[in-house]
Amino acid sequence: MKIKQQKQIKLFLIEEFNQNKGDELFIRQEKILSELIENTTNKSKKQMKTLIQTILPRIALYKVLLEDLTKEDGYQYMKKYMMNKVAYKKHLSTAKMELVPGFYHIYSHIFLKIMRTTDLQESKQKHGKDYFDVTIKKCLWHTACDENGCLELC
């Protein structure tokens, strides 16, 4: 399975650590990712797709950073990746969609329906005419918990 996020992760590592170190970290990240995928069990096809395409690559990146850096530095690089790469790209696409008349109504309706029907997490919802609130109580990435606790990468 081709994992789109891997190209972005490789470019990030090279930008941050130079070509040689970035390539070396990426090779190790891919190895950790493969192990995470192989060791993930009892998930639906949809859950596995989400884990493989979004969550596990980020966990593998964090784990490889923790092998070489302090916990604080690893966290800072993960934060930089999530904010400057992942969130930035999402913001650009959302900003374009916001130009569509009635976007908020359409978005909130679809978002709330997906959150009610997905098997990727459990949530509690509140909503009104001009707001919605979703509290995620249990999420798919808690499968990535280990002796250091659960990773919060979203």
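The request and its answer follow.

Q: Where is Gln 29 found, and which residues is Gln 29 in contact with, leaving aside its neighbours within four places in sequence?

A: The model is a predicted one, and Gln 29 is found in helix H2, which covers residues 19-38. The relative accessible area of Gln 29 is 0%. Because buried means under 20% relative accessible area, Gln 29 counts as buried. When its neighbours within four places in sequence are left aside, Gln 29 is in contact with Gln 6, Ile 9, Pro 57, Ala 60, Leu 61 and Val 64.

Helix H3, made of residues 45-68, also holds Gln 53. Gln 53 has a relative accessible area of 17% and is therefore buried by the cut-off of 20%. The side chain of Gln 53 reaches the backbone oxygen of Lys 2 at 3.0 Å.

Ile 106 lies in helix H5, residues 103-117, and counts as partly exposed because its relative accessibility is 43%. Together with Val 100, Ile 110 and Ile 114, Ile 106 forms a nonpolar patch on the surface, with about 340 Å² of accessible area in total.

These residues belong to a chain with 5 helices and 2 strands, whose elements run α-α-α-α-α-β-β from the N terminus on. Of its 154 residues, 32% count as buried. Among contacts in the chain with a separation of 6 or more, 54% join residues 24 or more positions apart. The accessible surface of the chain comes to about 10600 Å², and 56% of that surface belongs to carbon and sulfur atoms.

Terms used
Residues numbered from 1 in each chain as written. Predicted model: local features only at pLDDT ≥ 70, side-chain atom pairs only at ≥ 80, totals over all residues. Heavy atoms only, no water. Patch = residues over 30% accessible without salt bridge, like charges linked within 9 Å, V, L, I, M, F, W, Y side chains within 5 Å. Areas by Shrake-Rupley, 256 points an atom, 1.4 Å probe, with all protein chains shown as cover. Salt bridge = Lys/Arg side-chain N within 4 Å of Asp/Glu carboxyl O. Buried < 20%, exposed > 50% of the residue type's maximum accessible area, 1.4 Å probe, protein only. Contact = heavy atoms within 4.5 Å. Polar contact = N/O pair within 3.5 Å; in protein donor to acceptor, adjacent residues only side chain to side chain.
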